[in-house]
Amino acid sequence: MADPNVPQQPPAAAPPAESSAPAEKTQAAPAAESAPAAAPSSAQSGAPSGAPASAPSGQSRGPSSGGYQGNRGPSRGPGGPGGGPGGRPGPGGPHKRGKRNYVRKKKVCRFCVDRVDYIDYKKADILAPFIQERGKILPRRMTGTCARHQRWLTVAIKRAQNIALLPFAAEF
Amino acid sequence: MEERLYDLIFICRPDTPEAEVDKLIATLEHTVADKSAKIEKIEKWGRKRMAYRVRKLREGFYVYMSIRSNHGELIKELERRLKVADPVIKYLTIRIDEEMKRQQKLAKHRERRAARRPRKPAPASAPPAGEQTASAAG
């Protein structure tokens, strides 16, 4: 309820929504280890081709304004075999030379972080990041919302649509 | 019948004079009072842009009411009035008391849990800090 700061928080607190999909694709891209400077450029070149499905709407409007954070991985690659605190050792877990290893940042439900007990359908600005440009509701795997909150969120969005606070579909 | 809480939102044409909106609100209030229900809140949100066109209009004058009633007929009557009223282009009534009950329950639950063990958030906040130092080092 009392959470006007929900849209502002995500860049810092909530992890990127689409980070998982591109991370897998670009993992194969050869890149010199211990070269953090090279990471951003290669990441950017890899992102458009690597994220075919989620790219168009997610980039511009999704909750992940942070977007793609490819340069996280190499920076801690050579030094830290202790394992990242937040990163789970996925399929490409063990560090190999010449391969980029990305820490898949764990997505956290934004409503759980803010301890939201009721998602208000009247606050369209809170709901807006969870719909695509075309008006579709973003799936849980993109936003990281937990099952319970996604359930509430869906209801709230549908109510907001009914009273013209949110669009059913894009116009034109 | 137990008491129920409803949200009622209606949208008027943007060119309606405010006096007419007030009149409409007054008649609704009167109807509510007739059925011995209670209006908890009335908010005039004013002219807002709608997310899509309704009756070829892009803007609308939003009015929000919160009504506590134990008489379902009241909602029927209110909706009938809104349907008949000329300036109203859209309305929505939602029953929300069950969700409010759930919210209160969850809040109470959380409070109780927080009281039982106060030092839960400390370990949760530690990992992000560690990660940041790791990335800074590399």
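This is a predicted model: local features need pLDDT of at least 70, side-chain atom pairs count only at pLDDT 80 or more; totals for chains, interfaces and linings use all residues.
Which residue stands opposite C12(B) in β4(B)? It is V88(B), and I'll come back to that strand in a moment.

Residues are numbered from 1 along each chain as its sequence is written, chains are lettered from A and ligands numbered from 1 in the order in which they are written, and side-chain values use heavy atoms, with hydrogens and water left out.

Let's start with strand β1 of chain B, residues 4-12. Strands here are DSSP runs of E with at least two residues, helices are runs of H or I with at least four, and both are numbered from the N terminus. Two strands pair if DSSP finds at least two bridges between them. β1(B) runs antiparallel to β3(B), with nine bridges, and R4(B) faces S69(B) there. Seven bridges join β1(B) to β4(B), residues 88-95, also antiparallel.

Is β1(B) enclosed or open? Eight of its nine residues are buried, so the strand is largely enclosed by the rest of the structure. Buried means under 20% relative accessible area, exposed means over 50%, and partly exposed is in between, using a 1.4 Å probe and protein chains only.

Now the aromatics. Rings of Phe, Tyr and Trp (its six-membered ring) pair if their centres lie within 6.5 Å; planes under 30 degrees apart are stacked, over 60 edge-to-face, and the rest tilted. That gives four aromatic pairs over all chains. In one of them, F168(A) and Y52(B), the centres are 5.4 Å apart and the planes are at 40°, so the pair is tilted. F168(A) lies in the segment after α8 (147-162) of chain A and Y52(B) in β2 (residues 38-54) of chain B, so this pair joins two chains. F168(A) is partly exposed at 44%, while Y52(B) is buried at 13%.

Next come W45(B) and Y62(B): with centres 6.0 Å apart and planes at 20°, the pair is stacked. W45(B) is in β2(B) and Y62(B) in β3(B), residues 57-69, so the pair ties together parts 17 residues apart in sequence. W45(B) is partly exposed at 23%, and Y62(B) is buried at 0%. Together with Y64(B), these two form one aromatic cluster.

Finally, charges over rings, meaning NZ of Lys or CZ of Arg within 6 Å of the ring centre and within 35 degrees of the ring normal. K48(B) has its charged end over Y62(B), 5.6 Å from the ring centre. R102(B) does this over W152(A), at 3.9 Å.
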